[in-house]
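Open the model in your viewer and keep the selection tool ready. We will go stop by stop.

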Amino acid sequence: MRKLKSAGVLLFWIAVWQVVAMIIDRELILPTPIQSFSLLIKLLPQVFFWKDIGVTLSRVALGLVISIVAGVALAISCHSSRLVYRLVQPVMSTVKTVPVMSLILLFLVFMKSGVVPIAVCTMACLPIVFSNIYQALENVDKKLTEMGKAFRLPRQKIFFKIVAPQIKPYFNSAVVVCTGFAWKTVVTAEVLSIPASSIGYNLYISKTYLDTPMLFAWTIGIIIISVVIEKAIKAMLRLGDEKV
Amino acid sequence: MIKVVNLKKSFGAELLFSNLNFVIPKGSITAIMGISGKGKTTLLRLLAGLDKEFEGTIENVPEKAAWVFQEDRLLPWLNLYDNLALVLPRKEGALAAVLAALRLVGLEGDKFKMPSELSGGMQRRAALARALLFQADYMFLDEPFAALDRKTKLDITESLFALAKEKGRTLVIVTHDAEIVERADNIIDLGEARII
């Protein structure tokens with residue numbers, strides 16, 4: 001029933017889009033959903049379509065993994081040492097406020113176009129992972145940890161049974177937020193840095209040649225992939241929850 | 001035997017207690033009593049080695065001890081069975097041991113309940129069961145019978161003391177309860193700063 005309602009809402013907005021496109025009646029400004037979806041369907045059997053998606057996805061994955069590993073490591077270091085915290089925290093707060101656009105333009109000066117999206121994604125996601133994990137570590141119930149130590153539990157058991165379950169909600173939330181953010185950041189960076197063979201490159205080309213239906217087709221593709229990835233990540237995290 | 005000589009503890013400028021001298025013989029039941037804020041819990045933590053900042057000496061701090069903390073300290077994400085099994089070093093024989101401990105405190109039928117599904121008294125009993133399950137020569141109990149009705153308290157005390165005597169365990173209990181104090185072998189009264 002819920003899925004039916006969601007489908008109804010989706011159909012309603014597609015219908016609104018169709019009506020507005022018919023009123024404007026200019027493909028260059030707003031193509032109809034039928035034009036956009038049929039173009040997307042034409043793209044589906046093309047090898048380059050999947051290859052370019054794969055390249056962008058690998059950049060998203062790499063940026064995410066680097067930011068998660070670095071964010072967790074920095075959060076642990078800051079939790080363990082006040083000095084490290086005093087050094088790192090202002091940097092993280094500053095990075096958080098820097099616009100993504102500034103990061104892209106800055107990195108473009110000294111990085112290869114293919115690397116820029118990964119670097120930007122890492123810089124954009126790192127403060128989110130860092131602050132979530134740091135907050136989680138600060139909020140770990142010390143009395144429960146003391147209970148574990150009092151009962152002489154091995155360190156490994158204290159971590160996996162007492163500490164990790166308290167950190168997990170913060171970690172999961174960081175991963176979910178960063179996945180959506182990383183996806184948008186990488187595509188934006190690709191549009192500006194124009195590395196060959198990427199989703200961003202295709203968006204840029206569509207814009208340059210005023211191929212609005214193609215721009216819409218790629219955008220719909222991005223939305224669908226984004227939803228699929230988010231659902232996959234949530235399912236993976238749920239699976240992880242069950243195993244802990 | 002834990003031996004305490006000239007023990008002094010203060011938090012900053014505030015002196016909690018000083019010049020404490022006593023022994024806790026092996027296999028005995030010792031009650032620590034006194035009005036709130038006199039440092040009963042702090043003394044218990046010092047005796048168990050959980051707090052190491054003090055003046056004086058404490059000899060023979062036990063390396064391993066079972067605990068009932070002032071708060072129940074059950075893990076909210078584990079059910080009752082897993083909370084208890086957590087303190088066992090091995091999985092073999094865990095089921096029977098956990099069930100026996102739960103039976104002793106009357107919670108055998110609640111083994112799969114989460115701590116949030118238990119009343120305050122039931123959580124207290126679960127914390128007691130966890131301490132009973134843990135194999136150690138010493139048990140440190142901080143207000144273990146708080147939130148229990150009198151009948152349950154007396155039943156559990158009976159089992160706990162009998163088990164302690166049978167296994168030669170040393171019990172150190174922080175309590176306000178006169179019925180428990182009466183049954184102790186030694187009483188440390190922090191209110192009066194004297195050993196009875």
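**Stop 1: a salt bridge**

Select B:R45 and A:E146. They form a salt bridge, and their closest N and O atoms are 2.5 Å apart. A salt bridge here is a side-chain nitrogen of Lys or Arg within 4 Å of a carboxyl oxygen of Asp or Glu. Across the interface of chain A and chain B, the rule finds three salt bridges.

Before moving on, note how to read the model. It is a predicted model, in which local features need pLDDT of at least 70 and side-chain atom pairs count only at pLDDT 80 or more, while totals for chains, interfaces and linings use all residues. Residues are numbered from 1 along each chain as its sequence is written, chains are lettered from A and ligands numbered from 1 in the order in which they are written, and side-chain values use heavy atoms, with hydrogens and water left out.

**Stop 2: the whole interface**

Now show both chains. Here 13 residues of chain A are in contact (heavy atoms within 4.5 Å) with 22 residues of chain B. The area buried between the two chains is about 1500 Å², and carbon and sulfur atoms give 67% of it. Buried area is the accessible area (1.4 Å probe) that two parts lose on being put together, summed over both.

Which residues of chain A lose the most area to chain B? Select A:E146, A:M147 and A:F151: together they account for 40% of what that side buries.

**Stop 3: chain A**

Colour chain A by secondary structure. Along its principal axes, the C-alpha trace of chain A spans about 75 × 50 × 30 Å. Of the 244 residues in chain A, 41% are buried. Buried means under 20% relative accessible area (1.4 Å probe, protein chains only).

**Stop 4: the cores**

Turn to chain B and select B:I32, B:L43, B:L47, B:F140, B:L160 and B:L171. These have the most contacts inside the largest nonpolar core, which has 121 residues. A nonpolar core is a set of buried Ala, Val, Leu, Ile, Met, Phe, Trp, Tyr and Cys residues joined through side-chain atoms within 4.5 Å. Apart from this core lies another, of seven residues, among them A:F107 and A:V116.

Finish on B:L47. Leaving aside neighbours within four places in sequence, its contacts include B:I2, B:F22, B:P62 and B:V172.

Conventions:
Buried means under 20% relative accessible area, exposed over 50%, partly exposed in between (1.4 Å probe, protein chains only).
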